[in-house]
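Please follow this account with the sequence and the three-dimensional structure side by side.

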Amino acid sequence: MGNIGVLRRARTAANVIALAMAFWGMAHGAEAHVIQDGAGGFSSGFEHPLTGADHFMAMFAVGLWGAQMGGRQVWTLPVTFPLIMVLGGVAGMLGLPFPGVEIGIALSIIALGAAIAFAWHPAEWVALLLISVFAVCHGYAHGAELPNAADPADFAIGFVIATGLIHILGIGVGLALNRPFDGRATQALGALLAVGGLYFLTA
Amino acid sequence: MIVRALQPVRLARWAGPALFAIGLAGLTALWLEPPDQRSLFGWWMLTNAGAYERLLPLVGLGILLGLISLRVCIAAFLAFALGVALGYTYAEAFLEIAGMLPGAARHHFLTGPILSVAVGLPLAAPSRARIVILPFAVAIAGIPLAAAIWATNPRFHDPLTASAGIAFAFWIVAAICLTVRAFRQTWFDIAGRIFGSWLIAIGLLYGGASLIPQRTPTPPPRPLQAPAGSPDSLTGPGPSMTIPDLRPSPLDRQPEGLDPSRQP
(Lines give C-alpha, C1' and ligand atoms only; values in the text may rest on other atoms or scores of the structure.)
Protein backbone atom coordinates (compact mmCIF):
# COMPACT_ATOMS: atom_id res chain seq x y z
CA MET A 1 0.00 0.00 0.00
CA GLY A 2 2.84 2.31 1.02
CA ASN A 3 4.74 1.42 -2.12
CA ILE A 4 1.71 2.28 -4.28
CA GLY A 5 1.49 5.68 -2.59
CA VAL A 6 5.19 6.34 -3.20
CA LEU A 7 4.86 5.24 -6.82
CA ARG A 8 1.82 7.43 -7.37
CA ARG A 9 3.56 10.40 -5.80
CA ALA A 10 6.69 9.81 -7.86
CA ARG A 11 4.57 9.58 -11.01
CA THR A 12 2.77 12.84 -10.16
CA ALA A 13 6.12 14.55 -9.52
CA ALA A 14 7.51 13.22 -12.80
CA ASN A 15 4.38 14.41 -14.64
CA VAL A 16 4.65 17.88 -13.12
CA ILE A 17 8.34 18.19 -13.99
CA ALA A 18 7.68 16.84 -17.51
CA LEU A 19 4.86 19.38 -17.92
CA ALA A 20 7.18 22.21 -16.89
CA MET A 21 9.84 21.00 -19.31
CA ALA A 22 7.30 20.61 -22.13
CA PHE A 23 6.03 24.16 -21.60
CA TRP A 24 9.61 25.30 -21.51
CA GLY A 25 10.36 23.64 -24.82
CA MET A 26 7.15 24.95 -26.40
CA ALA A 27 7.90 28.47 -25.28
CA HIS A 28 11.41 28.32 -26.72
CA GLY A 29 10.14 26.74 -29.93
CA ALA A 30 7.51 29.42 -30.35
CA GLU A 31 10.02 32.10 -29.55
CA ALA A 32 12.38 30.79 -32.19
CA HIS A 33 9.77 30.44 -34.91
CA VAL A 34 6.69 32.60 -34.40
CA ILE A 35 7.57 35.52 -32.16
CA GLN A 36 9.42 37.99 -34.29
CA ASP A 37 10.55 40.18 -31.46
CA GLY A 38 13.56 42.33 -30.99
CA ALA A 39 15.15 43.20 -27.68
CA GLY A 40 12.61 43.52 -24.90
CA GLY A 41 10.05 41.08 -26.28
CA PHE A 42 9.04 37.56 -25.32
CA SER A 43 12.58 36.18 -25.14
CA SER A 44 13.77 38.98 -22.86
CA GLY A 45 10.77 38.53 -20.56
CA PHE A 46 11.11 34.76 -20.56
CA GLU A 47 14.82 34.86 -19.82
CA HIS A 48 14.54 37.52 -17.12
CA PRO A 49 13.56 35.22 -14.22
CA LEU A 50 15.64 32.34 -15.65
CA THR A 51 18.94 34.12 -16.04
CA GLY A 52 18.82 35.94 -12.71
CA ALA A 53 19.86 33.30 -10.16
CA ASP A 54 18.28 35.28 -7.31
CA HIS A 55 14.86 35.37 -9.01
CA PHE A 56 15.13 31.74 -10.03
CA MET A 57 15.98 30.54 -6.51
CA ALA A 58 13.14 32.49 -4.90
CA MET A 59 10.50 31.25 -7.39
CA PHE A 60 11.80 27.71 -7.07
CA ALA A 61 11.62 27.98 -3.27
CA VAL A 62 7.95 29.10 -3.45
CA GLY A 63 7.01 25.92 -5.33
CA LEU A 64 9.21 23.74 -3.13
CA TRP A 65 7.76 25.17 0.08
CA GLY A 66 4.18 24.73 -1.14
CA ALA A 67 4.87 21.09 -2.03
CA GLN A 68 6.54 20.51 1.33
CA MET A 69 3.54 21.90 3.21
CA GLY A 70 1.12 19.90 1.08
CA GLY A 71 -2.67 20.32 0.91
CA ARG A 72 -4.07 23.54 -0.50
CA GLN A 73 -0.73 25.30 -0.16
CA VAL A 74 0.59 23.34 -3.14
CA TRP A 75 -1.46 25.63 -5.38
CA THR A 76 -2.42 28.65 -3.25
CA LEU A 77 1.20 29.79 -3.06
CA PRO A 78 1.93 29.72 -6.80
CA VAL A 79 -1.50 31.25 -7.54
CA THR A 80 -1.02 34.11 -5.06
CA PHE A 81 2.56 34.90 -6.07
CA PRO A 82 1.93 36.24 -9.62
CA LEU A 83 -1.21 38.10 -8.52
CA ILE A 84 0.64 40.00 -5.81
CA MET A 85 3.66 40.36 -8.08
CA VAL A 86 1.45 42.59 -10.25
CA LEU A 87 1.26 45.16 -7.43
CA GLY A 88 5.05 45.33 -7.25
CA GLY A 89 5.19 45.38 -11.03
CA VAL A 90 2.87 48.38 -11.27
CA ALA A 91 4.89 50.18 -8.56
CA GLY A 92 8.02 49.51 -10.61
CA MET A 93 6.39 50.77 -13.81
CA LEU A 94 5.29 53.96 -12.09
CA GLY A 95 8.83 54.44 -10.81
CA LEU A 96 7.72 54.64 -7.18
CA PRO A 97 10.67 54.59 -4.80
CA PHE A 98 11.38 51.18 -3.32
CA PRO A 99 14.65 51.33 -1.43
CA GLY A 100 16.37 48.04 -0.77
CA VAL A 101 14.50 45.99 -3.33
CA GLU A 102 17.62 43.88 -3.97
CA ILE A 103 17.94 43.25 -0.22
CA GLY A 104 14.29 42.20 -0.16
CA ILE A 105 14.93 39.72 -2.97
CA ALA A 106 17.97 38.25 -1.15
CA LEU A 107 15.99 38.08 2.11
CA SER A 108 13.18 36.26 0.32
CA ILE A 109 15.58 33.47 -0.66
CA ILE A 110 16.97 33.24 2.88
CA ALA A 111 13.51 33.22 4.51
CA LEU A 112 11.99 30.71 2.09
CA GLY A 113 15.11 28.52 2.22
CA ALA A 114 15.07 28.58 6.03
CA ALA A 115 11.34 27.81 6.11
CA ILE A 116 11.98 24.74 3.94
CA ALA A 117 15.12 23.74 5.88
CA PHE A 118 13.23 23.79 9.21
CA ALA A 119 10.10 22.30 7.61
CA TRP A 120 8.09 25.24 8.94
CA HIS A 121 4.38 24.74 8.31
CA PRO A 122 2.64 27.96 9.35
CA ALA A 123 -1.07 28.75 8.95
CA GLU A 124 -1.99 29.28 5.31
CA TRP A 125 -2.54 33.01 5.68
CA VAL A 126 0.89 33.46 7.27
CA ALA A 127 2.57 31.66 4.38
CA LEU A 128 0.57 33.70 1.86
CA LEU A 129 1.41 36.95 3.65
CA LEU A 130 5.11 36.09 3.65
CA ILE A 131 5.29 35.24 -0.03
CA SER A 132 3.15 38.30 -0.85
CA VAL A 133 5.81 40.57 0.65
CA PHE A 134 8.47 38.85 -1.41
CA ALA A 135 6.30 38.85 -4.53
CA VAL A 136 6.12 42.65 -4.34
CA CYS A 137 9.95 42.85 -4.32
CA HIS A 138 10.29 40.53 -7.33
CA GLY A 139 7.42 42.21 -9.18
CA TYR A 140 9.01 45.62 -8.67
CA ALA A 141 12.29 44.45 -10.22
CA HIS A 142 10.47 43.04 -13.27
CA GLY A 143 8.00 45.92 -13.56
CA ALA A 144 10.69 48.59 -13.66
CA GLU A 145 11.82 47.14 -17.01
CA LEU A 146 8.38 46.60 -18.53
CA PRO A 147 7.35 50.00 -19.92
CA ASN A 148 10.72 50.27 -21.66
CA ALA A 149 10.42 46.89 -23.31
CA ALA A 150 10.09 46.92 -27.08
CA ASP A 151 6.97 44.79 -26.76
CA PRO A 152 5.42 44.96 -23.26
CA ALA A 153 2.83 42.29 -24.09
CA ASP A 154 5.34 39.66 -25.07
CA PHE A 155 7.70 40.71 -22.27
CA ALA A 156 4.92 40.33 -19.64
CA ILE A 157 3.75 37.02 -21.11
CA GLY A 158 7.34 35.72 -21.22
CA PHE A 159 8.25 36.53 -17.67
CA VAL A 160 4.94 35.44 -16.11
CA ILE A 161 5.16 32.09 -17.92
CA ALA A 162 8.80 31.63 -16.91
CA THR A 163 7.95 32.52 -13.30
CA GLY A 164 5.07 30.03 -13.29
CA LEU A 165 7.23 27.32 -14.83
CA ILE A 166 9.86 27.73 -12.11
CA HIS A 167 7.06 27.41 -9.51
CA ILE A 168 5.86 24.22 -11.20
CA LEU A 169 9.43 22.90 -11.31
CA GLY A 170 9.72 23.63 -7.58
CA ILE A 171 6.43 21.80 -6.90
CA GLY A 172 7.58 18.82 -8.96
CA VAL A 173 10.94 18.57 -7.21
CA GLY A 174 9.21 19.04 -3.84
CA LEU A 175 6.72 16.24 -4.54
CA ALA A 176 9.56 13.96 -5.66
CA LEU A 177 11.77 14.66 -2.65
CA ASN A 178 9.14 14.76 0.10
CA ARG A 179 9.12 11.04 0.82
CA PRO A 180 12.74 9.83 0.51
CA PHE A 181 14.70 10.15 3.79
CA ASP A 182 11.59 11.53 5.51
CA GLY A 183 11.78 14.73 3.50
CA ARG A 184 15.34 15.52 4.58
CA ALA A 185 16.41 15.91 0.96
CA THR A 186 13.90 18.76 0.60
CA GLN A 187 15.14 20.30 3.84
CA ALA A 188 18.75 20.06 2.64
CA LEU A 189 17.77 21.77 -0.62
CA GLY A 190 16.09 24.50 1.44
CA ALA A 191 19.29 24.97 3.46
CA LEU A 192 21.27 25.30 0.22
CA LEU A 193 18.83 27.93 -1.02
CA ALA A 194 19.18 29.87 2.24
CA VAL A 195 23.00 29.82 1.89
CA GLY A 196 22.57 31.07 -1.69
CA GLY A 197 20.38 33.89 -0.36
CA LEU A 198 23.09 34.81 2.16
CA TYR A 199 25.56 35.04 -0.71
CA PHE A 200 23.27 37.46 -2.58
CA LEU A 201 22.79 39.51 0.58
CA THR A 202 26.51 39.92 1.18
CA ALA A 203 27.68 40.11 -2.46
CA MET B 1 -10.45 -2.23 -34.81
CA ILE B 2 -11.93 0.58 -36.92
CA VAL B 3 -15.43 -0.28 -35.73
CA ARG B 4 -14.25 -0.10 -32.11
CA ALA B 5 -12.61 3.26 -32.72
CA LEU B 6 -15.83 4.58 -34.24
CA GLN B 7 -17.94 3.74 -31.20
CA PRO B 8 -19.74 6.91 -29.98
CA VAL B 9 -17.96 6.93 -26.59
CA ARG B 10 -14.53 6.65 -28.18
CA LEU B 11 -15.41 9.26 -30.79
CA ALA B 12 -16.45 11.68 -28.07
CA ARG B 13 -13.21 11.01 -26.18
CA TRP B 14 -10.99 11.67 -29.16
CA ALA B 15 -13.04 14.47 -30.74
CA GLY B 16 -11.00 17.16 -28.94
CA PRO B 17 -7.55 15.84 -29.87
CA ALA B 18 -8.75 15.17 -33.44
CA LEU B 19 -10.08 18.71 -33.76
CA PHE B 20 -6.82 19.99 -32.34
CA ALA B 21 -4.75 17.90 -34.77
CA ILE B 22 -6.75 19.02 -37.83
CA GLY B 23 -6.39 22.70 -36.95
CA LEU B 24 -2.74 22.26 -36.06
CA ALA B 25 -2.10 20.65 -39.43
CA GLY B 26 -3.61 23.68 -41.16
CA LEU B 27 -1.54 26.07 -39.08
CA THR B 28 1.63 24.07 -39.71
CA ALA B 29 0.96 24.24 -43.45
CA LEU B 30 0.74 28.04 -43.19
CA TRP B 31 3.87 28.11 -41.05
CA LEU B 32 5.92 25.98 -43.44
CA GLU B 33 5.09 28.19 -46.41
CA PRO B 34 8.14 30.17 -47.52
CA PRO B 35 7.76 33.68 -46.01
CA ASP B 36 8.10 35.40 -49.41
CA GLN B 37 5.23 33.32 -50.82
CA ARG B 38 2.96 33.60 -47.77
CA SER B 39 -0.30 35.43 -48.42
CA LEU B 40 -1.49 38.41 -46.41
CA PHE B 41 -4.10 36.15 -44.82
CA GLY B 42 -1.40 33.67 -43.82
CA TRP B 43 0.69 36.36 -42.17
CA TRP B 44 -2.34 37.69 -40.34
CA MET B 45 -3.32 34.25 -39.05
CA LEU B 46 0.19 33.53 -37.75
CA THR B 47 1.15 36.89 -36.30
CA ASN B 48 -2.18 38.44 -35.34
CA ALA B 49 -4.93 35.91 -34.83
CA GLY B 50 -2.30 33.55 -33.41
CA ALA B 51 -0.50 36.15 -31.29
CA TYR B 52 0.32 35.04 -27.75
CA GLU B 53 -1.81 37.79 -26.22
CA ARG B 54 -4.90 36.24 -27.87
CA LEU B 55 -3.84 32.61 -27.92
CA LEU B 56 -3.20 32.23 -24.18
CA PRO B 57 -6.60 33.60 -23.02
CA LEU B 58 -8.36 31.36 -25.56
CA VAL B 59 -6.46 28.35 -24.22
CA GLY B 60 -7.52 29.48 -20.72
CA LEU B 61 -11.14 29.74 -21.86
CA GLY B 62 -10.97 26.21 -23.27
CA ILE B 63 -9.59 24.91 -19.95
CA LEU B 64 -12.26 26.83 -18.03
CA LEU B 65 -15.12 25.41 -20.10
CA GLY B 66 -13.61 21.95 -19.72
CA LEU B 67 -13.62 22.14 -15.94
CA ILE B 68 -17.29 23.04 -15.41
CA SER B 69 -20.45 20.95 -15.74
CA LEU B 70 -21.76 20.33 -19.25
CA ARG B 71 -24.86 22.49 -18.79
CA VAL B 72 -22.86 25.48 -17.52
CA CYS B 73 -20.28 24.83 -20.23
CA ILE B 74 -22.88 25.12 -23.00
CA ALA B 75 -24.36 28.26 -21.42
CA ALA B 76 -20.89 29.81 -21.09
CA PHE B 77 -20.03 28.90 -24.70
CA LEU B 78 -23.23 30.63 -25.87
CA ALA B 79 -22.42 33.67 -23.70
CA PHE B 80 -18.98 33.81 -25.33
CA ALA B 81 -20.56 33.56 -28.79
CA LEU B 82 -22.94 36.37 -27.84
CA GLY B 83 -19.98 38.48 -26.71
CA VAL B 84 -18.19 37.83 -30.02
CA ALA B 85 -21.31 38.82 -31.98
CA LEU B 86 -21.73 42.01 -29.93
CA GLY B 87 -18.02 42.81 -30.20
CA TYR B 88 -18.03 42.44 -33.98
CA THR B 89 -21.24 44.45 -34.42
CA TYR B 90 -20.16 47.29 -32.13
CA ALA B 91 -16.41 47.07 -32.79
CA GLU B 92 -16.12 50.72 -33.75
CA ALA B 93 -17.87 51.87 -30.57
CA PHE B 94 -15.66 49.60 -28.45
CA LEU B 95 -12.47 50.83 -30.11
CA GLU B 96 -13.61 54.44 -29.71
CA ILE B 97 -14.12 53.95 -25.96
CA ALA B 98 -10.87 51.99 -25.54
CA GLY B 99 -9.05 54.59 -27.64
CA MET B 100 -9.69 57.21 -24.98
CA LEU B 101 -7.20 55.44 -22.73
CA PRO B 102 -3.62 56.69 -23.09
CA GLY B 103 -1.48 54.46 -25.29
CA ALA B 104 -4.37 52.10 -26.06
CA ALA B 105 -4.22 52.65 -29.80
CA ARG B 106 -0.58 51.49 -29.84
CA HIS B 107 -1.49 48.23 -28.07
CA HIS B 108 -4.44 46.87 -30.08
CA PHE B 109 -6.83 48.95 -27.97
CA LEU B 110 -5.93 46.85 -24.92
CA THR B 111 -7.91 43.91 -26.27
CA GLY B 112 -5.22 41.48 -25.04
CA PRO B 113 -5.21 42.65 -21.39
CA ILE B 114 -9.04 42.80 -21.20
CA LEU B 115 -9.33 39.33 -22.71
CA SER B 116 -6.66 37.91 -20.35
CA VAL B 117 -8.23 39.32 -17.18
CA ALA B 118 -11.78 38.40 -18.26
CA VAL B 119 -10.77 34.75 -18.74
CA GLY B 120 -8.27 34.59 -15.87
CA LEU B 121 -10.72 35.79 -13.20
CA PRO B 122 -13.24 32.93 -13.41
CA LEU B 123 -10.45 30.41 -14.02
CA ALA B 124 -8.58 31.34 -10.84
CA ALA B 125 -11.71 31.98 -8.73
CA PRO B 126 -13.06 29.49 -6.16
CA SER B 127 -15.83 27.20 -7.49
CA ARG B 128 -18.81 29.20 -6.12
CA ALA B 129 -17.52 32.58 -7.25
CA ARG B 130 -16.65 31.05 -10.62
CA ILE B 131 -20.27 30.15 -11.38
CA VAL B 132 -21.45 33.69 -10.54
CA ILE B 133 -18.89 35.59 -12.62
CA LEU B 134 -18.55 33.08 -15.47
CA PRO B 135 -21.34 34.22 -17.84
CA PHE B 136 -20.42 37.90 -17.56
CA ALA B 137 -16.69 37.25 -17.81
CA VAL B 138 -16.87 35.06 -20.92
CA ALA B 139 -19.30 37.45 -22.63
CA ILE B 140 -16.94 40.33 -21.86
CA ALA B 141 -14.03 38.23 -23.19
CA GLY B 142 -15.78 37.82 -26.54
CA ILE B 143 -16.17 41.58 -27.11
CA PRO B 144 -12.48 42.63 -27.29
CA LEU B 145 -11.60 39.48 -29.21
CA ALA B 146 -14.11 40.25 -31.97
CA ALA B 147 -13.19 43.94 -31.95
CA ALA B 148 -9.50 43.02 -32.39
CA ILE B 149 -10.36 40.73 -35.32
CA TRP B 150 -12.45 43.50 -36.87
CA ALA B 151 -9.73 46.12 -36.40
CA THR B 152 -6.79 44.06 -37.64
CA ASN B 153 -8.53 42.45 -40.61
CA PRO B 154 -5.94 42.93 -43.38
CA ARG B 155 -8.63 42.91 -46.08
CA PHE B 156 -10.61 45.80 -44.60
CA HIS B 157 -13.72 44.25 -43.08
CA ASP B 158 -13.80 41.36 -45.51
CA PRO B 159 -16.32 39.03 -43.85
CA LEU B 160 -14.49 35.87 -45.01
CA THR B 161 -11.22 36.84 -43.32
CA ALA B 162 -13.04 37.93 -40.17
CA SER B 163 -14.97 34.65 -40.14
CA ALA B 164 -11.69 32.75 -40.38
CA GLY B 165 -10.34 34.70 -37.40
CA ILE B 166 -13.47 33.99 -35.35
CA ALA B 167 -13.48 30.32 -36.41
CA PHE B 168 -9.82 30.09 -35.34
CA ALA B 169 -10.76 31.40 -31.87
CA PHE B 170 -13.69 28.99 -31.54
CA TRP B 171 -11.51 26.13 -32.76
CA ILE B 172 -8.96 26.70 -29.96
CA VAL B 173 -11.68 26.96 -27.30
CA ALA B 174 -13.58 23.89 -28.53
CA ALA B 175 -10.50 21.69 -29.05
CA ILE B 176 -9.05 22.44 -25.59
CA CYS B 177 -12.48 22.20 -23.90
CA LEU B 178 -13.28 18.80 -25.44
CA THR B 179 -9.79 17.47 -24.65
CA VAL B 180 -9.94 18.60 -21.02
CA ARG B 181 -13.42 17.13 -20.58
CA ALA B 182 -12.41 13.79 -22.13
CA PHE B 183 -9.21 13.31 -20.12
CA ARG B 184 -10.31 14.98 -16.90
CA GLN B 185 -7.98 14.49 -13.90
CA THR B 186 -8.33 15.91 -10.39
CA TRP B 187 -5.15 17.98 -10.74
CA PHE B 188 -6.62 19.82 -13.76
CA ASP B 189 -8.47 22.10 -11.30
CA ILE B 190 -5.19 23.12 -9.66
CA ALA B 191 -3.45 23.57 -13.01
CA GLY B 192 -6.41 25.64 -14.21
CA ARG B 193 -6.24 27.95 -11.19
CA ILE B 194 -2.49 28.42 -11.62
CA PHE B 195 -3.00 29.21 -15.32
CA GLY B 196 -5.81 31.62 -14.41
CA SER B 197 -3.52 33.52 -12.06
CA TRP B 198 -0.93 33.76 -14.86
CA LEU B 199 -3.56 35.21 -17.20
CA ILE B 200 -4.62 37.84 -14.65
CA ALA B 201 -0.99 38.77 -14.01
CA ILE B 202 -0.23 38.98 -17.74
CA GLY B 203 -3.32 41.09 -18.39
CA LEU B 204 -2.67 43.53 -15.57
CA LEU B 205 1.05 43.89 -16.27
CA TYR B 206 0.57 44.29 -20.02
CA GLY B 207 -2.30 46.71 -19.43
CA GLY B 208 -0.22 48.65 -16.92
CA ALA B 209 2.79 48.76 -19.22
CA SER B 210 0.59 50.03 -22.06
CA LEU B 211 -1.04 52.76 -19.99
CA ILE B 212 2.08 53.92 -18.18
CA PRO B 213 4.31 55.93 -20.50
CA GLN B 214 7.98 55.11 -20.88
CA ARG B 215 10.05 56.86 -18.26
CA THR B 216 13.26 56.99 -20.22
CA PRO B 217 12.80 58.44 -23.68
CA THR B 218 14.51 56.64 -26.53
CA PRO B 219 17.79 58.40 -27.18
CA PRO B 220 18.08 60.03 -30.60
CA PRO B 221 20.32 58.23 -33.09
CA ARG B 222 23.94 59.25 -32.82
CA PRO B 223 25.04 61.61 -35.59
CA LEU B 224 27.28 59.99 -38.13
CA GLN B 225 30.81 61.20 -37.81
CA ALA B 226 32.62 62.08 -40.97
CA PRO B 227 35.82 60.13 -41.50
CA ALA B 228 38.99 62.08 -40.92
CA GLY B 229 40.21 63.92 -43.96
CA SER B 230 36.87 63.84 -45.84
CA PRO B 231 36.04 66.70 -48.17
CA ASP B 232 33.95 69.55 -46.74
CA SER B 233 31.07 68.84 -49.13
CA LEU B 234 30.36 65.57 -47.30
CA THR B 235 29.91 67.08 -43.86
CA GLY B 236 26.41 68.47 -44.57
CA PRO B 237 25.05 71.98 -44.26
CA GLY B 238 26.53 74.31 -41.68
CA PRO B 239 24.44 75.91 -38.92
CA SER B 240 23.90 79.09 -40.96
CA MET B 241 22.69 77.16 -43.99
CA THR B 242 18.92 76.69 -44.30
CA ILE B 243 18.97 74.64 -47.50
CA PRO B 244 21.42 71.77 -47.77
CA ASP B 245 23.91 72.00 -50.58
CA LEU B 246 22.77 69.37 -53.06
CA ARG B 247 25.25 70.20 -55.80
CA PRO B 248 27.25 67.17 -56.89
CA SER B 249 30.51 66.97 -55.11
CA PRO B 250 33.77 66.30 -56.91
CA LEU B 251 33.67 62.77 -55.49
CA ASP B 252 30.26 62.12 -57.15
CA ARG B 253 31.70 62.84 -60.56
CA GLN B 254 32.29 59.60 -62.42
CA PRO B 255 35.60 58.96 -64.14
CA GLU B 256 35.25 59.60 -67.82
CA GLY B 257 36.01 56.03 -68.78
CA LEU B 258 33.02 54.81 -66.79
CA ASP B 259 30.39 57.14 -68.31
CA PRO B 260 27.65 54.74 -69.48
CA SER B 261 26.64 57.07 -72.36
CA ARG B 262 30.14 56.72 -73.79
CA GLN B 263 30.26 52.95 -73.49
CA PRO B 264 29.85 50.90 -76.68
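The largest cavity is lined by A:I157 together with B:Y52, B:E53, B:L56, B:P57, B:G112, B:S116, B:L199, B:I202 and B:Y206, where a cavity is a set of points on a 1 Å grid over the protein atoms alone at which a 1.4 Å probe fits but cannot get out, and lining residues have an atom within 4 Å of a point. The model is a predicted one, in which local features need pLDDT of at least 70 and side-chain atom pairs count only at pLDDT 80 or more, while totals for chains, interfaces and linings use all residues. Residues are numbered from 1 along each chain as its sequence is written, chains are lettered from A and ligands numbered from 1 in the order in which they are written, and side-chain values use heavy atoms, with hydrogens and water left out.

The volume of this largest cavity is about 30 Å³, a volume being the space filled by probe spheres set on the grid points, which are joined across faces, edges and corners; the count of cavities of 30 Å³ or more comes to one. At least two lining residues come from each of α4 (52–67), α7 (111–124) and α10 (187–211) of chain B, and α4(B) gives the most, with four residues. Helices here are DSSP runs of H or I with at least four residues, and strands are runs of E with at least two, numbered from the N terminus.

Chain B as a whole has ten helices and zero strands. Of its 264 residues, 41% are buried, where buried means under 20% relative accessible area, exposed means over 50%, and partly exposed lies in between (1.4 Å probe, protein chains only). Among the contacts in chain B with a separation of 6 or more, 77% join residues 24 or more positions apart, contact meaning heavy atoms within 4.5 Å. The accessible surface of chain B comes to about 15500 Å², and carbon and sulfur atoms account for 69% of that surface, with areas taken from the Shrake-Rupley method with a 1.4 Å probe and, for residues, only the protein chains shown counting as cover.

Within chain B, B:I133 sits in helix α8 (residues 127–152) and is partly exposed at 31% relative accessibility. Beyond its neighbours within four places in sequence, B:I133 is in contact with B:L121, B:P122 and B:A125.

In chain A, which backbone angle calls for attention at A:A119? A:A119 has a positive phi of about 50° although it is not a glycine, and it lies in the loop between α5 (101–117) and α6 (124–143), where it is partly exposed at 30% relative accessible area. Most residues other than glycine have a negative phi. A:F181 likewise has a positive phi, near 55°, in the loop between α7 (152–177) and α8 (184–202) of chain A, and at 66% relative accessibility A:F181 counts as exposed.

On the surface, A:I103, A:L107, A:L198 and A:L201 form a nonpolar patch with about 340 Å² of accessible area together, and α5 and α8 of chain A are the elements that give two or more residues to it. A:L201, in helix α8, is partly exposed at 35%. By contrast, A:S132 in helix α6 of chain A is buried at 14% relative accessible area, and A:S132 touches A:T80 and A:I84, leaving out residues up to four places away in sequence.

Note on methods. Patch = residues over 30% accessible without salt bridge, like charges linked within 9 Å, V, L, I, M, F, W, Y side chains within 5 Å. Salt bridge = Lys/Arg side-chain N within 4 Å of Asp/Glu carboxyl O. 1 Å grid on protein atoms, 1.4 Å probe; cavity = no way out; pocket = protein on both sides within 12 Å on 5 of 7 lines; lining within 4 Å.
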